[in-house]
Amino acid sequence: MKVTVDYDLCESNAICVGIDPETFEIRDDDVMYIIDEHPDASRRAKIEEAVRRCPKQALAIIEE
Amino acid sequence: MDDSATIAVVGASTAGLAAAGSLRARGFTGRLVMIGEERFRPYDRPPLSKQFLTGQWDSDRLALPGADAPDLDVDWRLGVGATGLDAASRTIGLADGSELRCDGIVLACGASARRLPGTLGVPGIHVLRTLDDAAALRRDLESGPGRVVVVGAGFVGCEVAATCRTRNIAVTLVDPLDVPLQRVFGAAVGAVFADLHRSAGVDVRTGVGVAGFDTDASGRVSRVRLDDGTAPEATVVVVGVGAVANTSWLEGSGLKIDDGIRCDPSCVAAPGIVAVGDVLRWQNPVFDESMRVEHWDHAFASGEHAAGSLLDPANAGPLATVPWFWSDQYDRKIQFAGRIAPGDDMVVVDGSLDEHRFVALFGRAGRLVGVLGMNRPRHVIGLRPRIAEGITFADALAVFA
Ligand SMILES: Cc1cc2nc3c(=O)[nH]c(=O)nc-3n(C[C@H](O)[C@H](O)[C@H](O)COP(=O)(O)OP(=O)(O)OC[C@H]3O[C@@H](n4cnc5c(N)ncnc54)[C@H](O)[C@@H]3O)c2cc1C
Ligand code: SF4
(Lines give C-alpha, C1' and ligand atoms only; values in the text may rest on other atoms or scores of the structure.)
(Ligands and ions follow the chains in the order given, each with its own letter.)
Protein backbone atom coordinates (compact mmCIF):
# COMPACT_ATOMS: atom_id res chain seq x y z
CA MET A 1 0.00 0.00 0.00
CA LYS A 2 0.95 3.60 -0.51
CA VAL A 3 -0.02 6.46 1.81
CA THR A 4 -0.61 9.88 0.31
CA VAL A 5 -1.44 13.34 1.61
CA ASP A 6 -3.23 16.05 -0.34
CA TYR A 7 -1.43 19.22 0.67
CA ASP A 8 -4.25 21.35 -0.70
CA LEU A 9 -6.37 19.97 2.12
CA CYS A 10 -3.86 19.14 4.88
CA GLU A 11 -3.59 21.84 7.52
CA SER A 12 -0.78 20.18 9.45
CA ASN A 13 -2.85 19.96 12.60
CA ALA A 14 -1.08 16.68 13.30
CA ILE A 15 -3.96 14.45 14.36
CA CYS A 16 -2.40 11.75 12.17
CA VAL A 17 0.94 12.22 13.94
CA GLY A 18 -0.79 11.60 17.25
CA ILE A 19 -2.27 8.36 15.91
CA ASP A 20 0.78 6.96 14.14
CA PRO A 21 4.05 8.80 14.82
CA GLU A 22 5.96 6.10 12.93
CA THR A 23 4.28 7.02 9.65
CA PHE A 24 3.58 10.75 10.05
CA GLU A 25 5.68 13.56 11.49
CA ILE A 26 5.73 17.32 11.86
CA ARG A 27 9.13 18.77 10.97
CA ASP A 28 10.75 22.04 12.05
CA ASP A 29 8.84 23.94 9.36
CA ASP A 30 5.58 22.93 11.14
CA VAL A 31 4.42 20.98 8.11
CA MET A 32 3.27 17.37 8.27
CA TYR A 33 5.31 14.85 6.27
CA ILE A 34 4.79 11.19 5.57
CA ILE A 35 7.92 9.45 6.82
CA ASP A 36 7.41 6.30 4.81
CA GLU A 37 5.05 6.33 1.85
CA HIS A 38 5.21 2.54 1.60
CA PRO A 39 4.78 1.42 5.17
CA ASP A 40 4.81 -2.13 6.37
CA ALA A 41 1.43 -3.94 6.29
CA SER A 42 1.57 -4.17 10.09
CA ARG A 43 0.88 -0.41 10.26
CA ARG A 44 -2.33 -0.66 8.27
CA ALA A 45 -4.80 -0.47 11.18
CA LYS A 46 -3.16 2.68 12.55
CA ILE A 47 -2.98 4.33 9.14
CA GLU A 48 -6.60 3.49 8.40
CA GLU A 49 -7.50 5.14 11.71
CA ALA A 50 -5.53 8.25 10.70
CA VAL A 51 -7.31 8.35 7.32
CA ARG A 52 -10.68 8.21 9.07
CA ARG A 53 -9.83 10.73 11.79
CA CYS A 54 -8.09 13.36 9.67
CA PRO A 55 -10.47 16.31 10.03
CA LYS A 56 -9.57 17.56 6.54
CA GLN A 57 -9.86 14.20 4.76
CA ALA A 58 -6.40 14.83 3.38
CA LEU A 59 -5.00 11.31 3.69
CA ALA A 60 -5.55 8.31 1.46
CA ILE A 61 -4.34 4.75 1.13
CA ILE A 62 -3.70 3.56 -2.41
CA GLU A 63 -3.54 -0.19 -2.92
CA GLU A 64 -0.69 -1.26 -5.18
CA MET B 1 -27.71 -7.46 18.47
CA ASP B 2 -28.54 -9.62 15.47
CA ASP B 3 -29.81 -9.20 11.91
CA SER B 4 -33.35 -8.48 13.03
CA ALA B 5 -32.35 -5.63 15.35
CA THR B 6 -32.95 -1.94 14.61
CA ILE B 7 -30.62 0.81 15.74
CA ALA B 8 -31.66 4.44 15.19
CA VAL B 9 -29.25 7.35 15.18
CA VAL B 10 -30.92 10.69 15.95
CA GLY B 11 -28.88 13.48 14.34
CA ALA B 12 -27.22 12.99 10.96
CA SER B 13 -23.99 14.88 11.48
CA THR B 14 -20.37 14.20 12.50
CA ALA B 15 -20.99 12.28 15.71
CA GLY B 16 -23.94 10.30 14.38
CA LEU B 17 -22.07 9.30 11.23
CA ALA B 18 -18.99 8.25 13.22
CA ALA B 19 -21.23 6.09 15.42
CA ALA B 20 -23.01 4.58 12.40
CA GLY B 21 -19.72 3.77 10.65
CA SER B 22 -18.35 2.22 13.80
CA LEU B 23 -21.49 0.11 14.37
CA ARG B 24 -20.98 -1.41 10.92
CA ALA B 25 -17.23 -1.80 11.41
CA ARG B 26 -17.94 -3.64 14.66
CA GLY B 27 -20.15 -6.09 12.79
CA PHE B 28 -23.69 -4.80 13.29
CA THR B 29 -25.74 -6.22 10.41
CA GLY B 30 -29.25 -5.18 11.44
CA ARG B 31 -31.26 -2.20 10.27
CA LEU B 32 -29.60 1.18 10.76
CA VAL B 33 -31.87 4.23 10.56
CA MET B 34 -30.47 7.77 10.52
CA ILE B 35 -32.92 10.48 11.50
CA GLY B 36 -31.88 14.04 10.67
CA GLU B 37 -33.82 17.24 11.10
CA GLU B 38 -31.77 18.95 8.39
CA ARG B 39 -32.54 17.81 4.86
CA PHE B 40 -28.86 17.20 4.04
CA ARG B 41 -26.70 14.13 4.28
CA PRO B 42 -23.99 14.60 6.93
CA TYR B 43 -21.71 17.52 6.17
CA ASP B 44 -18.79 19.12 7.91
CA ARG B 45 -19.52 22.17 10.07
CA PRO B 46 -16.04 23.70 10.67
CA PRO B 47 -15.71 25.03 7.08
CA LEU B 48 -19.00 26.93 7.48
CA SER B 49 -17.17 29.79 9.20
CA LYS B 50 -14.02 29.31 7.12
CA GLN B 51 -13.67 28.04 3.51
CA PHE B 52 -17.41 28.02 2.78
CA LEU B 53 -17.95 31.54 4.11
CA THR B 54 -14.95 33.01 2.30
CA GLY B 55 -16.42 31.59 -0.92
CA GLN B 56 -13.38 29.34 -1.48
CA TRP B 57 -15.48 26.17 -1.19
CA ASP B 58 -18.98 25.39 -2.32
CA SER B 59 -21.41 23.21 -0.44
CA ASP B 60 -20.52 20.08 -2.43
CA ARG B 61 -17.08 20.14 -0.76
CA LEU B 62 -18.67 19.86 2.68
CA ALA B 63 -20.05 16.33 2.44
CA LEU B 64 -18.56 14.00 5.03
CA PRO B 65 -17.04 10.97 3.35
CA GLY B 66 -18.46 7.77 4.69
CA ALA B 67 -22.09 8.84 4.37
CA ASP B 68 -22.21 7.34 0.89
CA ALA B 69 -20.19 4.22 1.61
CA PRO B 70 -22.23 1.24 0.35
CA ASP B 71 -21.39 -0.91 3.38
CA LEU B 72 -22.94 1.72 5.68
CA ASP B 73 -26.32 0.56 4.39
CA VAL B 74 -28.44 3.22 6.06
CA ASP B 75 -32.14 3.88 5.91
CA TRP B 76 -32.06 7.72 5.75
CA ARG B 77 -34.86 9.76 7.25
CA LEU B 78 -33.77 13.27 6.40
CA GLY B 79 -35.75 16.43 6.88
CA VAL B 80 -37.71 14.80 9.72
CA GLY B 81 -36.99 15.66 13.33
CA ALA B 82 -37.49 13.33 16.27
CA THR B 83 -40.09 14.93 18.49
CA GLY B 84 -40.13 12.60 21.47
CA LEU B 85 -38.58 9.54 23.07
CA ASP B 86 -39.71 6.96 25.58
CA ALA B 87 -36.47 5.60 26.97
CA ALA B 88 -38.01 2.60 28.70
CA SER B 89 -39.53 1.14 25.50
CA ARG B 90 -36.93 2.78 23.21
CA THR B 91 -39.64 4.32 21.06
CA ILE B 92 -38.93 7.44 19.03
CA GLY B 93 -41.73 9.72 17.84
CA LEU B 94 -41.09 11.53 14.55
CA ALA B 95 -42.33 14.87 13.23
CA ASP B 96 -44.30 13.09 10.47
CA GLY B 97 -46.37 11.37 13.18
CA SER B 98 -44.78 7.95 12.84
CA GLU B 99 -43.11 5.97 15.61
CA LEU B 100 -40.01 3.83 15.56
CA ARG B 101 -39.35 1.08 18.11
CA CYS B 102 -35.66 0.34 18.42
CA ASP B 103 -33.30 -2.14 20.00
CA GLY B 104 -30.61 0.51 20.23
CA ILE B 105 -30.54 4.31 19.99
CA VAL B 106 -27.66 6.71 19.42
CA LEU B 107 -28.51 10.27 20.46
CA ALA B 108 -26.38 12.52 18.25
CA CYS B 109 -28.61 15.59 18.14
CA GLY B 110 -25.83 18.10 18.82
CA ALA B 111 -26.38 21.72 19.69
CA SER B 112 -27.99 24.85 18.24
CA ALA B 113 -26.75 28.40 18.09
CA ARG B 114 -27.91 30.44 21.06
CA ARG B 115 -29.96 33.46 19.99
CA LEU B 116 -30.40 36.86 21.53
CA PRO B 117 -33.90 38.01 22.45
CA GLY B 118 -35.61 40.02 19.74
CA THR B 119 -33.33 38.89 16.90
CA LEU B 120 -35.29 35.97 15.44
CA GLY B 121 -36.55 36.77 11.97
CA VAL B 122 -34.97 40.23 11.78
CA PRO B 123 -33.51 40.58 8.25
CA GLY B 124 -29.73 40.98 8.37
CA ILE B 125 -29.27 39.30 11.77
CA HIS B 126 -27.68 35.86 11.55
CA VAL B 127 -26.49 32.97 13.65
CA LEU B 128 -24.09 30.36 12.27
CA ARG B 129 -24.60 26.68 12.96
CA THR B 130 -26.11 25.00 9.91
CA LEU B 131 -25.49 24.99 6.18
CA ASP B 132 -28.69 26.99 5.71
CA ASP B 133 -27.40 29.59 8.21
CA ALA B 134 -24.06 29.76 6.42
CA ALA B 135 -25.62 30.04 2.96
CA ALA B 136 -27.87 32.90 4.11
CA LEU B 137 -24.94 34.72 5.71
CA ARG B 138 -22.76 34.17 2.66
CA ARG B 139 -25.41 35.69 0.42
CA ASP B 140 -25.49 38.77 2.65
CA LEU B 141 -21.68 39.02 2.60
CA GLU B 142 -21.66 38.70 -1.18
CA SER B 143 -24.13 41.55 -1.54
CA GLY B 144 -21.38 43.98 -0.47
CA PRO B 145 -22.42 45.02 3.03
CA GLY B 146 -21.15 48.29 4.51
CA ARG B 147 -20.25 46.84 7.87
CA VAL B 148 -20.67 43.52 9.66
CA VAL B 149 -21.05 43.61 13.42
CA VAL B 150 -20.13 40.34 15.10
CA VAL B 151 -21.63 39.94 18.54
CA GLY B 152 -19.56 37.58 20.70
CA ALA B 153 -15.82 36.99 20.38
CA GLY B 154 -15.81 33.21 20.86
CA PHE B 155 -14.42 30.90 18.18
CA VAL B 156 -17.26 31.26 15.71
CA GLY B 157 -17.33 35.05 16.17
CA CYS B 158 -13.56 35.39 15.77
CA GLU B 159 -13.55 33.15 12.68
CA VAL B 160 -16.40 35.11 11.08
CA ALA B 161 -14.57 38.38 11.77
CA ALA B 162 -11.45 36.96 10.12
CA THR B 163 -13.43 35.68 7.14
CA CYS B 164 -15.07 39.08 6.63
CA ARG B 165 -11.67 40.81 6.65
CA THR B 166 -10.43 38.24 4.12
CA ARG B 167 -13.35 39.36 1.96
CA ASN B 168 -12.31 42.95 2.68
CA ILE B 169 -15.53 43.78 4.52
CA ALA B 170 -15.48 46.25 7.44
CA VAL B 171 -16.05 44.46 10.77
CA THR B 172 -16.81 45.41 14.34
CA LEU B 173 -16.31 42.65 16.92
CA VAL B 174 -18.15 43.16 20.21
CA ASP B 175 -17.79 41.20 23.45
CA PRO B 176 -18.74 41.93 27.06
CA LEU B 177 -15.45 40.51 28.40
CA ASP B 178 -12.15 42.40 28.26
CA VAL B 179 -10.56 40.43 25.41
CA PRO B 180 -11.71 37.90 22.78
CA LEU B 181 -11.79 34.24 23.85
CA GLN B 182 -11.20 35.28 27.45
CA ARG B 183 -13.44 32.56 28.83
CA VAL B 184 -11.51 29.93 26.88
CA PHE B 185 -7.88 31.03 27.22
CA GLY B 186 -7.74 33.78 29.86
CA ALA B 187 -6.69 37.42 29.60
CA ALA B 188 -3.08 37.09 28.38
CA VAL B 189 -3.83 34.86 25.39
CA GLY B 190 -7.08 36.73 24.75
CA ALA B 191 -5.02 39.90 24.30
CA VAL B 192 -3.11 38.15 21.49
CA PHE B 193 -6.42 37.59 19.67
CA ALA B 194 -7.45 41.22 20.22
CA ASP B 195 -4.14 42.26 18.68
CA LEU B 196 -4.44 39.77 15.81
CA HIS B 197 -7.88 41.09 14.85
CA ARG B 198 -6.96 44.77 15.33
CA SER B 199 -3.92 44.40 13.07
CA ALA B 200 -6.21 42.94 10.43
CA GLY B 201 -8.37 46.05 10.64
CA VAL B 202 -11.19 44.79 12.85
CA ASP B 203 -12.81 47.38 15.12
CA VAL B 204 -12.54 45.35 18.35
CA ARG B 205 -14.86 46.62 21.08
CA THR B 206 -14.45 44.61 24.26
CA GLY B 207 -15.81 45.07 27.75
CA VAL B 208 -19.09 46.24 26.28
CA GLY B 209 -22.45 44.52 26.02
CA VAL B 210 -25.27 44.77 23.51
CA ALA B 211 -28.30 46.83 24.56
CA GLY B 212 -30.40 46.28 21.44
CA PHE B 213 -30.74 46.48 17.67
CA ASP B 214 -32.12 49.30 15.53
CA THR B 215 -33.87 48.59 12.25
CA ASP B 216 -34.54 50.76 9.23
CA ALA B 217 -37.93 51.49 7.67
CA SER B 218 -37.93 48.13 5.87
CA GLY B 219 -37.36 46.28 9.16
CA ARG B 220 -33.76 45.37 8.34
CA VAL B 221 -31.07 45.76 10.99
CA SER B 222 -29.23 49.10 10.75
CA ARG B 223 -27.34 49.59 14.03
CA VAL B 224 -26.29 47.68 17.11
CA ARG B 225 -26.81 49.67 20.30
CA LEU B 226 -24.06 49.01 22.83
CA ASP B 227 -24.33 49.62 26.54
CA ASP B 228 -21.54 52.24 26.48
CA GLY B 229 -23.94 54.47 24.52
CA THR B 230 -22.33 53.99 21.10
CA ALA B 231 -24.23 52.43 18.20
CA PRO B 232 -22.06 51.13 15.35
CA GLU B 233 -23.73 50.99 11.97
CA ALA B 234 -24.52 47.41 10.90
CA THR B 235 -25.60 46.14 7.50
CA VAL B 236 -25.22 42.59 8.75
CA VAL B 237 -25.08 41.23 12.30
CA VAL B 238 -23.71 37.82 13.24
CA VAL B 239 -24.58 36.63 16.72
CA GLY B 240 -21.98 34.15 18.01
CA VAL B 241 -22.84 33.72 21.66
CA GLY B 242 -22.41 30.01 22.08
CA ALA B 243 -24.47 26.89 21.55
CA VAL B 244 -27.20 25.13 23.48
CA ALA B 245 -27.50 21.32 23.61
CA ASN B 246 -30.54 20.09 21.66
CA THR B 247 -32.40 18.35 24.45
CA SER B 248 -35.82 20.05 24.56
CA TRP B 249 -37.37 17.20 22.54
CA LEU B 250 -36.24 14.75 25.27
CA GLU B 251 -38.38 16.24 28.01
CA GLY B 252 -40.39 13.46 29.63
CA SER B 253 -38.24 10.78 27.95
CA GLY B 254 -36.99 9.40 31.25
CA LEU B 255 -33.40 10.42 30.50
CA LYS B 256 -31.45 12.78 32.76
CA ILE B 257 -31.04 16.16 31.09
CA ASP B 258 -28.54 18.55 32.61
CA ASP B 259 -26.89 20.84 30.02
CA GLY B 260 -26.64 17.83 27.72
CA ILE B 261 -27.74 14.21 28.13
CA ARG B 262 -26.22 12.83 31.31
CA CYS B 263 -24.54 9.50 30.65
CA ASP B 264 -22.35 7.06 32.51
CA PRO B 265 -18.59 7.17 31.78
CA SER B 266 -19.06 4.83 28.79
CA CYS B 267 -21.62 7.17 27.11
CA VAL B 268 -24.65 5.06 28.10
CA ALA B 269 -27.72 7.16 28.96
CA ALA B 270 -30.11 4.24 29.66
CA PRO B 271 -30.16 0.55 28.69
CA GLY B 272 -29.74 0.40 24.91
CA ILE B 273 -29.33 4.19 24.57
CA VAL B 274 -26.06 6.08 24.14
CA ALA B 275 -25.28 9.76 23.54
CA VAL B 276 -22.41 11.16 21.47
CA GLY B 277 -20.87 14.45 20.34
CA ASP B 278 -21.91 17.93 21.41
CA VAL B 279 -24.99 16.69 23.30
CA LEU B 280 -23.12 14.16 25.48
CA ARG B 281 -22.44 14.92 29.14
CA TRP B 282 -20.31 12.33 30.85
CA GLN B 283 -17.71 11.91 33.57
CA ASN B 284 -14.30 12.00 31.86
CA PRO B 285 -11.85 10.00 34.01
CA VAL B 286 -8.82 11.87 32.64
CA PHE B 287 -9.95 15.05 34.40
CA ASP B 288 -12.34 13.40 36.89
CA GLU B 289 -14.86 15.97 35.75
CA SER B 290 -18.34 15.90 34.27
CA MET B 291 -18.08 17.59 30.88
CA ARG B 292 -19.72 18.37 27.57
CA VAL B 293 -17.33 19.06 24.69
CA GLU B 294 -18.16 20.93 21.50
CA HIS B 295 -15.31 19.94 19.19
CA TRP B 296 -15.12 18.02 15.94
CA ASP B 297 -12.57 15.48 17.22
CA HIS B 298 -14.77 14.70 20.22
CA ALA B 299 -17.79 14.15 17.98
CA PHE B 300 -15.79 11.59 16.09
CA ALA B 301 -14.12 9.88 19.07
CA SER B 302 -17.25 9.68 21.20
CA GLY B 303 -19.24 8.37 18.23
CA GLU B 304 -16.83 5.49 17.74
CA HIS B 305 -16.58 4.79 21.46
CA ALA B 306 -20.31 4.82 22.12
CA ALA B 307 -20.93 2.40 19.24
CA GLY B 308 -18.88 -0.13 21.20
CA SER B 309 -20.76 0.60 24.42
CA LEU B 310 -24.08 0.07 22.65
CA LEU B 311 -23.17 -3.26 21.05
CA ASP B 312 -21.31 -4.70 24.03
CA PRO B 313 -22.43 -2.94 27.22
CA ALA B 314 -20.96 -5.61 29.48
CA ASN B 315 -17.45 -4.73 28.33
CA ALA B 316 -17.95 -0.98 27.88
CA GLY B 317 -15.04 1.07 29.19
CA PRO B 318 -15.04 4.77 30.00
CA LEU B 319 -14.52 7.39 27.31
CA ALA B 320 -11.20 8.77 28.54
CA THR B 321 -10.13 11.62 26.29
CA VAL B 322 -8.18 14.85 26.24
CA PRO B 323 -10.34 17.36 24.33
CA TRP B 324 -8.60 18.75 21.22
CA PHE B 325 -9.64 21.34 18.67
CA TRP B 326 -8.34 23.67 16.06
CA SER B 327 -9.40 27.10 14.84
CA ASP B 328 -8.20 29.01 11.77
CA GLN B 329 -8.10 32.80 11.80
CA TYR B 330 -6.27 34.65 9.00
CA ASP B 331 -2.98 32.83 8.52
CA ARG B 332 -2.93 31.66 12.15
CA LYS B 333 -3.70 28.07 12.99
CA ILE B 334 -4.65 27.55 16.58
CA GLN B 335 -4.65 24.16 18.24
CA PHE B 336 -5.46 23.31 21.80
CA ALA B 337 -5.48 20.09 23.81
CA GLY B 338 -6.73 19.81 27.37
CA ARG B 339 -9.22 21.30 29.74
CA ILE B 340 -8.39 24.59 31.43
CA ALA B 341 -10.13 26.90 33.87
CA PRO B 342 -9.64 30.47 35.09
CA GLY B 343 -6.75 30.65 37.54
CA ASP B 344 -4.61 27.94 35.90
CA ASP B 345 -0.91 28.79 35.58
CA MET B 346 0.28 29.61 32.09
CA VAL B 347 3.85 29.58 30.78
CA VAL B 348 4.91 30.37 27.21
CA VAL B 349 7.56 27.75 26.42
CA ASP B 350 8.27 28.36 22.77
CA GLY B 351 8.01 31.44 20.53
CA SER B 352 6.29 34.47 22.02
CA LEU B 353 2.82 35.94 22.35
CA ASP B 354 4.01 39.09 20.54
CA GLU B 355 5.01 37.29 17.37
CA HIS B 356 1.68 35.38 17.35
CA ARG B 357 3.55 32.12 17.12
CA PHE B 358 3.96 30.23 20.36
CA VAL B 359 3.32 27.21 22.54
CA ALA B 360 1.79 27.83 25.97
CA LEU B 361 1.38 25.26 28.73
CA PHE B 362 -1.33 25.41 31.36
CA GLY B 363 -0.92 23.82 34.79
CA ARG B 364 -3.11 23.25 37.80
CA ALA B 365 -2.16 21.71 41.14
CA GLY B 366 1.19 20.62 39.72
CA ARG B 367 -0.30 18.85 36.70
CA LEU B 368 -0.28 19.72 33.02
CA VAL B 369 -3.91 20.39 32.01
CA GLY B 370 -3.60 22.13 28.65
CA VAL B 371 -1.35 22.93 25.68
CA LEU B 372 -2.06 25.74 23.25
CA GLY B 373 -0.22 26.29 20.00
CA MET B 374 -0.50 29.18 17.58
CA ASN B 375 1.17 28.16 14.32
CA ARG B 376 3.00 25.48 16.36
CA PRO B 377 1.07 22.23 15.91
CA ARG B 378 3.71 19.70 16.81
CA HIS B 379 3.91 20.14 20.56
CA VAL B 380 0.15 20.22 21.03
CA ILE B 381 -0.35 16.79 19.55
CA GLY B 382 2.82 15.47 21.20
CA LEU B 383 1.73 16.47 24.69
CA ARG B 384 -1.90 15.44 24.30
CA PRO B 385 -1.32 11.81 25.36
CA ARG B 386 0.98 12.99 28.14
CA ILE B 387 -1.90 14.98 29.64
CA ALA B 388 -3.90 11.77 29.74
CA GLU B 389 -1.01 10.02 31.47
CA GLY B 390 -0.97 12.71 34.15
CA ILE B 391 2.40 14.33 33.38
CA THR B 392 3.39 16.91 36.02
CA PHE B 393 3.63 20.56 35.07
CA ALA B 394 7.33 20.54 35.96
CA ASP B 395 8.03 17.57 33.67
CA ALA B 396 6.11 19.22 30.85
CA LEU B 397 8.09 22.45 31.26
CA ALA B 398 11.29 20.41 31.29
CA VAL B 399 10.47 19.11 27.78
CA PHE B 400 11.18 22.65 26.54
CA ALA B 401 14.08 23.52 28.86
C1 LIG C 1 -19.44 27.39 12.37
C2 LIG C 1 -18.77 26.30 13.15
C3 LIG C 1 -17.39 26.13 13.09
C4 LIG C 1 -16.76 25.13 13.82
N5 LIG C 1 -15.40 25.00 13.73
C6 LIG C 1 -14.78 24.05 14.46
C7 LIG C 1 -13.35 23.92 14.40
O8 LIG C 1 -12.66 24.67 13.70
N9 LIG C 1 -12.77 22.95 15.14
C10 LIG C 1 -13.50 22.10 15.93
O11 LIG C 1 -12.90 21.24 16.60
N12 LIG C 1 -14.85 22.18 16.00
C13 LIG C 1 -15.50 23.15 15.28
N14 LIG C 1 -16.88 23.26 15.36
C15 LIG C 1 -17.62 22.33 16.24
C16 LIG C 1 -18.03 21.04 15.54
O17 LIG C 1 -18.55 21.30 14.28
C18 LIG C 1 -19.05 20.31 16.41
O19 LIG C 1 -18.44 19.95 17.61
C20 LIG C 1 -19.64 19.09 15.72
O21 LIG C 1 -20.38 19.47 14.60
C22 LIG C 1 -20.54 18.32 16.67
O23 LIG C 1 -21.11 17.24 15.99
P24 LIG C 1 -22.46 16.56 16.48
O25 LIG C 1 -22.72 15.52 15.45
O26 LIG C 1 -22.36 16.18 17.91
O27 LIG C 1 -23.58 17.69 16.46
P28 LIG C 1 -24.10 18.63 15.28
O29 LIG C 1 -23.04 18.82 14.27
O30 LIG C 1 -24.69 19.81 15.96
O31 LIG C 1 -25.26 17.79 14.60
C32 LIG C 1 -26.46 17.47 15.22
C33 LIG C 1 -27.49 17.18 14.14
O34 LIG C 1 -28.65 16.67 14.76
C35 LIG C 1 -29.80 17.26 14.20
N36 LIG C 1 -30.88 17.21 15.19
C37 LIG C 1 -31.01 17.94 16.31
N38 LIG C 1 -32.14 17.63 16.97
C39 LIG C 1 -32.74 16.65 16.24
C40 LIG C 1 -33.94 15.92 16.39
N41 LIG C 1 -34.74 16.10 17.43
N42 LIG C 1 -34.24 15.00 15.44
C43 LIG C 1 -33.42 14.80 14.38
N44 LIG C 1 -32.28 15.46 14.19
C45 LIG C 1 -31.94 16.39 15.10
C46 LIG C 1 -29.35 18.65 13.86
O47 LIG C 1 -30.19 19.21 12.89
C48 LIG C 1 -27.92 18.42 13.37
O49 LIG C 1 -27.89 18.17 12.01
C50 LIG C 1 -17.54 24.26 14.64
C51 LIG C 1 -18.92 24.43 14.71
C52 LIG C 1 -19.55 25.43 13.98
C53 LIG C 1 -21.05 25.60 14.07
S1 SF4 D 1 -4.59 14.84 10.31
FE2 SF4 D 1 -4.99 15.41 8.20
S3 SF4 D 1 -4.91 17.63 8.16
FE4 SF4 D 1 -3.97 16.96 10.05
S5 SF4 D 1 -1.79 16.85 9.58
FE6 SF4 D 1 -2.63 14.81 9.27
S7 SF4 D 1 -3.16 14.79 7.12
FE8 SF4 D 1 -2.87 16.93 7.63
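**Ligand 2**

I began with ligand 2 in this predicted model, and sorting its shell by class gave me eight nonpolar, two polar and two charged residues. I then wrote down which residues these are: Cys10(A), Glu11(A), Ser12(A), Asn13(A), Ala14(A), Ile15(A), Cys16(A), Met32(A), Cys54(A), Pro55(A), Lys56(A) and Leu59(A).

**Ligand 1**

Next I turned to ligand 1 and found 33 residues surrounding it, with Ser13(B), Glu38(B), Arg45(B), Lys50(B) and Arg129(B) as the closest. By class, I noted 15 nonpolar, 10 polar and eight charged residues in the shell around ligand 1.

The side chain of Arg45(B) has an N or O atom 2.6 Å from an oxygen atom of ligand 1, and a polar backbone atom of Ala15(B) is 2.9 Å from an oxygen atom of the ligand. On the backbone of Glu37(B), an N or O atom lies 3.1 Å from a nitrogen atom of ligand 1. I then checked how much of ligand 1 is covered: taken alone it exposes 1000 Å², and the protein buries 95% of that.

Which elements give two or more residues to the shell around ligand 1? I listed α1, β2 (31-36), α4 (155-166), α7 and β22 (324-329), which belong to chain B.

My last entry concerns the second largest pocket, for which I noted a volume of about 700 Å³. Its lining has 23 residues, and those closest to the pocket centre are Arg52(A), Gly21(B), Pro65(B), Gly66(B) and Phe300(B).

I traced the lining back to its elements: α2 (44-53) and β4 (59-62) of chain A, along with α1 (14-25) and α7 (296-311) of chain B, each supply at least two residues. The largest share, seven residues, comes from α1(B). Sorted by class, the lining of this pocket holds 13 nonpolar, five polar and five charged residues.

Technical notes: Residues numbered from 1 in each chain as written. Chains lettered and ligands numbered in written order. Predicted model: local features only at pLDDT ≥ 70, side-chain atom pairs only at ≥ 80, totals over all residues. Heavy atoms only, no water. 1 Å grid on protein atoms, 1.4 Å probe; cavity = no way out; pocket = protein on both sides within 12 Å on 5 of 7 lines; lining within 4 Å. Points joined across faces, edges and corners; volume = space filled by probe spheres on them. Helix = DSSP H or I, 4+ residues; strand = E, 2+ residues; numbered from the N terminus. Nonpolar A, V, L, I, M, F, W, Y, C, P; charged D, E, K, R; others polar. Near = heavy atom within 4 Å. Polar contact = N/O pair within 3.5 Å; in protein donor to acceptor, adjacent residues only side chain to side chain. Areas by Shrake-Rupley, 256 points an atom, 1.4 Å probe, with all protein chains shown as cover.
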